[in-house]
Amino acid sequence: TFGLSSANQDCWLEIMYSLQGGKQKEYHPNPDANFSGITRTAYLPNSSEGRAVLSRFEFAFSVGLTFVVGASNEVTWRSISHKTSKNGGGAHGYPDPNYIQ
């Protein structure tokens with residue numbers, strides 16, 4: 001599922017992803033093997049640019065571009081960069097003034 005938190009909307013948009021585990025399909029790395037579910041949280045600035053990216057993230061999630069089942073039978077991020085920390089710094093920290101450009 002894809003959800004948006006109402007907490008702290010003055011500063012950032014908090015995106016919550018929740019994926020249930022299941023059985024891998026024929027196109028996954030290990031067909032018929034079980035994979036673990038995950039819950040992930042990401043952040044965007046609460047601005048017109050952030051809301052525009054949010055709609056793109058929602059579309060990407062709806063068509064299966066955000067996560068992938070890896071060879072270790074776990075769901076992992078695909079190549080769409082998300083900010084997963086509110087404390088800034090590093091590749092995945094928000095705020096990051098260069099993230100949306």
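The questions and answers below go through a predicted model of one protein. Local features need pLDDT of at least 70 and side-chain atom pairs count only at pLDDT 80 or more, while totals for chains, interfaces and linings use all residues. Residues are numbered from 1 along each chain as its sequence is written, and side-chain values use heavy atoms, with hydrogens and water left out.

User: In what order do the elements of the protein run from the N terminus on?
Analyst: The protein has 1 helix and 7 strands. These are DSSP runs numbered from the N terminus: helices are H or I with at least four residues, strands E with at least two. The order is β-β-β-β-β-α-β-β.

User: What percentage of the residues in the protein is buried?
Analyst: Buried means under 20% relative accessible area, exposed over 50%, and partly exposed in between, with a 1.4 Å probe and protein chains only. The protein has 101 residues. The buried share is 30%.

User: Which residues have the most contacts inside the largest nonpolar core?
Analyst: A nonpolar core is a set of buried Ala, Val, Leu, Ile, Met, Phe, Trp, Tyr and Cys residues joined through side-chain atoms within 4.5 Å. The largest one has 13 residues. Strands β2 (12-19), β5 (38-45) and β6, with helix α1, each supply at least two of its residues. Those with the most contacts inside the core are Ile15, Tyr17, Leu44, Leu54, Phe57, Phe67 and Val75.

User: Is Glu14 buried or exposed, and which side chain does it join in a polar contact?
Analyst: Glu14 is found in strand β2. Its relative accessible area is 13%, so Glu14 is buried. A polar contact is a pair of N or O atoms within 3.5 Å; within protein, one must be able to donate a hydrogen and the other to accept it, and residues adjacent in sequence count only if both atoms are side-chain atoms. At 3.5 Å, the partner side chain is that of Tyr43.

User: Which residues make the nonpolar surface patch of about 290 Å²?
Analyst: Patch residues have over 30% relative accessible area and no salt bridge; nonpolar side chains (Val, Leu, Ile, Met, Phe, Trp, Tyr) are joined within 5 Å, like charges within 9 Å. A salt bridge is a side-chain nitrogen of Lys or Arg within 4 Å of a carboxyl oxygen of Asp or Glu. Leu65, in the loop between α1 (48-62) and β6 (67-69), is partly exposed at 40%. The patch is made by Phe59, Val63 and Leu65.

User: What is the phi of Asp32, about how many degrees?
Analyst: Asp32 lies in the loop between β3 (22-23) and β4 (34-35). Its relative accessibility is 56%, so Asp32 counts as exposed. Asp32 is not a glycine, yet its phi is positive, at about 75 degrees.

User: Where is Asn73, and what is its phi?
Analyst: Asn73 sits in the loop between β6 and β7 (75-77). At 23% relative accessibility, Asn73 is partly exposed. The residue is other than glycine, and its positive phi is near 65 degrees.

User: Which residues does Arg78 touch, not counting residues up to four places away in sequence?
Analyst: Arg78 lies in the segment after β7 and is partly exposed at 39%. Its C-alpha is 5.3 Å from that of Thr66, 12 residues apart along the chain. Contact means heavy atoms within 4.5 Å. Arg78 touches Gly64, Leu65, Thr66, Phe67 and Val68.

Terms used. Accessible areas come from the Shrake-Rupley method with a 1.4 Å probe; for residues, only the protein chains shown count as cover.
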